[in-house]
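Biologist: Please put the model on the screen. I have some questions about how it is built.

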Amino acid sequence: MRAMVLNAPGEALRAADVPRPAPAADQVLVRVGACAVCRTDLHVLDGELSHPKLPLILGHEIVGRVEEVGSAVTRFAPDDRVGVPWLGWTCGKCAYCLSGRENLCDQARFTGYTLDGGYAEYAAADERFCFPISGDYSDVAAAPLLCAGLIGYRSLRRAGAPRSLGIYGFGGAAHIVTQVARHEGVRVYAFTRKGDRASQEFARSLGAAWAGGTDELPPDPLDAAIIFAPAGDLVPKALAATARGGCVVCGGIHMSDIPSFPYGLLWEERTVCSVANLTRRDGEEFLALAPRVPVRTETRTFRLEDANTALAQLRAGSFRGSAVLVMD
Ligand SMILES: [Zn+2]
Ligand SMILES: [Zn+2]
């Protein structure tokens, strides 16, 4: 099968012809229809996440049809449409798994990082971690829901029940979480790179009450903020924009160092927390909610062979919404 392969961090992906994976007993083999491109893919590519499987097929926002099932598979049958997310396997036995926090599992494996992912014609995935995909969405439209949507949803829930929410970094996750927050009656304030009028306009078009640069303060203090941009200097900025008792949620898997800041920014029961990975329950809740909002994803499609271009454009922030690789 055709695949885009990472041989070593720091190198470009290479187009290769590799053997099609054979599904293990509890796996489905998915014929990939679309796979969205996530900032985490850049962190793996750049070596900011350590010890990836190598060589590696990136991609953890996979939508496709089941081609073949392993001997013990019970949830899916050939031709079912499924989504494969970042959380690819958990032990089911550790203290985290047994307390509803499988996102923190001691031995968790991750699609497109420690397991091969979806920058390929086929991907094998443990059926217990796959989700059925609603017929309301095409493969391309559904793909960004699998990480940008899911992590955005978990971040929103970690923010508590804010009436006003700041979102720092307005890419794939932000454009989806804005729609969910608006659906729940939350006022959204979007913070983009300084002078990025196009992203600010995009945020307003999705219902943001205000949009400005990350160097600006919102017109009113925020009840909570979510930071999707991987820039640690946004943490004190977001705290400065947040009201007493507010929470700043770091939604990314990697961030540059957070500069020191005066205690006054944290005082009055402000909190800073992070969101790591997802649980299957997050996925079930969010994928049921998305068509009811309804969440509409804005996508730019690329051919599988153009994955390096998609990654470069994501790095440069040169499109709205999410990049999605499409298999032909
Ligand atoms: Zn576990
Ligand atoms: Zn992701």
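**Cysteines and the parallel sheet**

Biologist: Is Cys147 buried or exposed?

Modeller: This is a predicted model. The relative accessibility of Cys147 is 8%. Buried means under 20%, so Cys147 counts as buried.

Biologist: And Cys97, buried or exposed?

Modeller: Its relative accessibility comes to 16%. The cut-off for buried is under 20%, so Cys97 also counts as buried.

Biologist: How many disulfides are there?

Modeller: A disulfide needs a pair of cysteine sulfur atoms within 2.5 Å. By this rule the count is zero.

Biologist: Which strands are at the edges of the open sheet?

Modeller: Six strands form the sheet, with parallel pairing, in the order β13-β12-β11-β14-β15-β16. An edge strand pairs on one side only. That applies to β13 (210-213) and β16 (271-274).

Biologist: What is the average twist from one strand to the next?

Modeller: For this open sheet of six strands, the twist averages 20°.

Biologist: In β16, which residue is the bridge partner of Cys247?

Modeller: Strand β15 covers residues 242-250 and runs parallel to β16, joined to it by four bridges. In β16, the partner of Cys247 is Thr271.

Biologist: At about what angle does helix α4 run to β11?

Modeller: Helix α4 spans residues 172-183 and lies across β11 and β12 (187-192). Its angle to β11 is about 175°.

Biologist: Which strands does helix α3 lie across?

Modeller: Helix α3 is formed by residues 148-158 and runs at about 155° to β15. The strands it lies across are β11 (164-168), β14 (222-227), β15 and β16.

Conventions: Residues numbered from 1 in each chain as written. Chains lettered and ligands numbered in written order. Predicted model: local features only at pLDDT ≥ 70, side-chain atom pairs only at ≥ 80, totals over all residues. Heavy atoms only, no water. Pairing = 2+ DSSP bridges. Helix = DSSP H or I, 4+ residues; strand = E, 2+ residues; numbered from the N terminus. Axes fitted to C-alpha atoms, helices over the stretch in contact; angles between N-to-C directions. Contact = heavy atoms within 4.5 Å. Buried < 20%, exposed > 50% of the residue type's maximum accessible area, 1.4 Å probe, protein only.
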